[in-house]
Amino acid sequence: MWKDVFKPIGLIGAMMGFVGVVMHYVFAGPLRSQPEPPVARIDKGEGN
Amino acid sequence: MATSANEYHHTPNAIDRLGRTKVYVGELMRHPVYTRFLHWMYGIFFFLALLSGFGIYAPWIFRFFTPFFGGGAMTRLLHPWFGLGFVFFFGLQVINWLGIMRWTPADTEWIKRMKTYVEHQDKMEPPTVGFYNGGQKAMFWEIVGGSIAYVITGFIMWFPEIFGRILVTISYVIHDISALIMLFGIFFHVYLSTFGEPGTIQAMTRGTVSKEWAWTHHPAWYKEMTGRDPYADMEAERERLLRND
């Protein structure tokens, strides 16, 4: 049971950590040291 | 105010004397040579143990790792030695960091407000965050617990003829769960020390951090090191930047 079912599930669960950090970087971005340089423009997905 | 800023005391030793830490103007000393040496030693052993462990844990996926260690049998032979190397150097780091990793009420508060940290709701950490925040300490103590589990279960699996089949089977499961938790955590550790919080990895390479990094991520430590108000210094720097525009 452990070998056939939980080992693959556990591995997928651990790999979710990788997915999580990639998604965090994409959606939240890095937390830069303050003060950040002044913001020039924020693209909210409306295109150019 | 109660902070998590536990003091770090370190007397330079023979390892420190092998290297040097150059602190430029605008930087603060973060980690001495000894701390950095230990970090990279157990880091190397961690990844050797991890990669060889992958080949043992799931050979149907990670069979391609084993030739790097000399084949399947050699991988099984080397894996416990890599693990012992990791535990040895990490154990020295535990002794080195015992003071600054002590859990405080400020760390419990940090854990409670972790959502604001993840979502970057605050651009600077609260004034209670010292040398390490609650998340870093939690991860450290998880690795301590995991390492103890590795050693106990590892020895049982290494000498199955002494401990018997049931104990060995239980050990396999505990060993695997500890490894999966640590694998999950290592992604966050690597991410937050590189892409997630730029300027962090410099602390473990050159041993220093910028003052901006220090007041942003560890305000109580910045105050302890400089005697200055981290928030006032950040505001002064912000105004200076705006004036330059």
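# A tour from helix α8(B)

Start by selecting S171(B), H175(B), D176(B), S178(B), A179(B), L180(B), M182(B), L183(B) and L192(B): these are the buried residues of α8(B). Buried means that 20 or more other C-beta atoms lie within 10 Å of the residue's own; 12 or fewer is exposed, anything in between is partly exposed, and C-beta atoms are placed from the backbone. Helices (H or I, at least four residues) and strands (E, at least two) are DSSP runs, numbered from the N terminus.

This is a predicted model, in which local features need pLDDT of at least 70 and side-chain atom pairs count only at pLDDT 80 or more, while totals for chains, interfaces and linings use all residues. Residues are numbered from 1 along each chain as its sequence is written, and chains are lettered from A and ligands numbered from 1 in the order in which they are written.

**Stop 1: the whole of α8(B)**

Select residues 165–193 of chain B. That is helix α8, with 29 residues. From first C-alpha to last, α8 reaches 41 Å, close to the 42 Å expected at 1.5 Å a residue. The expected span is 1.5 Å times one less than the number of residues.

Now show what covers its buried residues. The cover includes α1 (2–27) of chain A. From chain B, it includes α1 (33–57) and α6 (134–158).

**Stop 2: chain A**

Color chain A by itself. Chain A has one helix and zero strands. Its C-alpha atoms fill a box of roughly 55 × 30 × 5 Å along the principal axes. Of its 48 residues, 8% count as buried.

Next, select the contact between the chains. Chain A gives 19 residues and chain B gives 29. Two residues are in contact if their C-beta atoms, placed from the backbone, lie within 7 Å. The chain A side has twelve nonpolar, five polar and two charged residues. Here Ala, Val, Leu, Ile, Met, Phe, Trp, Tyr, Cys and Pro count as nonpolar, Asp, Glu, Lys and Arg as charged, and the others, Gly among them, as polar.

**Stop 3: chain B**

Switch to chain B. There are twelve helices and two strands. The C-alpha trace spans about 70 × 40 × 35 Å along its principal axes. Buried residues make up 33% of its 245 residues.

**Stop 4: α3(B) against α6(B)**

Select residues 72–97 of chain B, helix α3, together with α6(B). Their axes come within 10 Å and cross at roughly 145°. Axes are lines fitted to C-alpha atoms, for helices over the stretch in contact, and angles run from 0 to 180 degrees between N-to-C directions.

Look at the side chains. In α3(B), P80(B), G83(B), V87(B), F90(B) and V94(B) meet residues of α6(B), including I143(B), Y150(B) and W158(B). The contact residues divide into nine nonpolar, three polar and no charged.

**Stop 5: A149(B)**

Stay on α6 of chain B and pick A149(B). A149(B) counts as partly exposed because it has 18 C-beta neighbours inside 10 Å. Leaving aside neighbours within four places in sequence, A149(B) is in contact with I174(B) and S178(B).

**Stop 6: the cores**

Finish with the largest nonpolar core, of 17 residues. Such a core is a set of buried Ala, Val, Leu, Ile, Met, Phe, Trp, Tyr and Cys residues joined through C-beta atoms within 7 Å. Select Y42(B), F45(B), F46(B), A49(B), F86(B), F89(B) and F90(B), which touch the most other members. Elements α1, α3, α6 and α8 of chain B each give two or more residues. The largest share, six residues, comes from α1(B). A second, separate core has 16 residues, I100(B), A106(B), V209(B) and M234(B) among them.
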